[in-house]
Number of protein chains: 2
Amino acid sequence: MKKSNAVKSLTALAQESRLDIFRLLVRKGKTGMAAGELSDYFGLPKATMSFHLKELTNAGLITAKRESRSIIYAANYDNMNALINFLVENCCSDNGGKC
Amino acid sequence: MKKSNAVKSLTALAQESRLDIFRLLVRKGKTGMAAGELSDYFGLPKATMSFHLKELTNAGLITAKRESRSIIYAANYDNMNALINFLVENCCSDNGGKC
DNA sequence: AGAATATTTCGATTATAATAGAATTATGGA
DNA sequence: TCCATAATTCTATTATAATCGAAATATTCT
């Protein structure tokens, strides 16, 4: 993962609503949830939810696919794992590799 | 980890300089680095570095200990792991646990 | 085509964070 | 005690992000 992508992903997650949304989608698995469902679930206005979903999508943390009238959002596990690996990369390598 | 702590940690990491600082300290291991060394290494003014180190310390991502005139900063691996676990917690549990 | 549903974009307001020079605090040595 | 070194806090400026009502876009059904 590139650093700019990591900053974008972390910025996306560094917000209470978006962290909630992302973690719910992580639990939901690949079936995901529609934007409106998420809006109802968290009691957030549709415009606000849409803004947050866009941030998460732009960061690559979630995917969006249209299904009839709804747009279904789901966690992007590859990107999530890439972010985690980026954070712990070369852990303790300047100290003999012992952590 | 509590959600408020997670948001604080993610906010701390969601900034290019701080992400660089944290990842360097992750590589450095428990010997860590002094504030001034970090300031020189990244070419940042001392006040700016101090501000970033405070953010990372308040989030619990790094520790600070005085050693003579210097203050040595080091990655807090426990908190880092707790943050990662918080992000992936109950992954796919609403979808049969298969990821 | 027209109505209903699902979601996004626009735009204005409000709140929060980054930057860095200057002043301040803390430690150790002559 | 006086000076040098190391780091932080203060303060003002500048930049970025969150919120949500209203309008716009996209899809499906009759």
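This is a predicted model: local features need pLDDT of at least 70, side-chain atom pairs count only at pLDDT 80 or more; totals for chains, interfaces and linings use all residues.
DNA strand C is surrounded by 21 residues, and the closest of them come from both protein chains: G36(A), S50(A) and Y73(A), together with R18(B) and H52(B). Of the atoms of DNA strand C that come within 4 Å of the protein, 70% belong to sugar and phosphate. The residues of this surface divide by class into eight nonpolar, seven polar and six charged.

At least two residues each are supplied by helix 3 (35–42), helix 4 (46–58) and strand 3 (70–75) of chain A, and by helix 4 (46–58) of chain B.

In G36(A), a backbone N or O atom lies 2.6 Å from a phosphate oxygen of DNA strand C. S70(A) instead uses a polar side-chain atom, which lies 3.5 Å from a sugar or linking oxygen of DNA strand C.

Attention now turns to chain B. Its three strands form an open sheet in the order 1-3-2, with antiparallel pairing. Strand 1 (33–34) and strand 2 (62–67) of chain B stand at the edges with a single partner strand each, so one side of each has no neighbour in the sheet. Strand 2 and strand 3 (residues 70–75) of chain B are joined by six bridges. Across these two strands, K65(B) stands opposite I72(B). Helix 2 (residues 16–28) of chain B lies across strand 1, strand 2 and strand 3, running at about 85° to strand 3 of chain B.

How values were computed: Residues are numbered from 1 along each chain as its sequence is written. Chains are lettered from A and ligands numbered from 1 in the order in which they are written. Side-chain values use heavy atoms; hydrogens and water are left out. A residue is near a molecule or strand if one of its heavy atoms lies within 4 Å of it. A polar contact is a pair of N or O atoms within 3.5 Å; within protein, one must be able to donate a hydrogen and the other to accept it, and residues adjacent in sequence count only if both atoms are side-chain atoms. Helices (H or I, at least four residues) and strands (E, at least two) are DSSP runs, numbered from the N terminus. Ala, Val, Leu, Ile, Met, Phe, Trp, Tyr, Cys and Pro count as nonpolar, Asp, Glu, Lys and Arg as charged, and the others, Gly among them, as polar. Two strands pair if DSSP finds at least two bridges between them. Contact means heavy atoms within 4.5 Å. Axes are lines fitted to C-alpha atoms, for helices over the stretch in contact, and angles run from 0 to 180 degrees between N-to-C directions.
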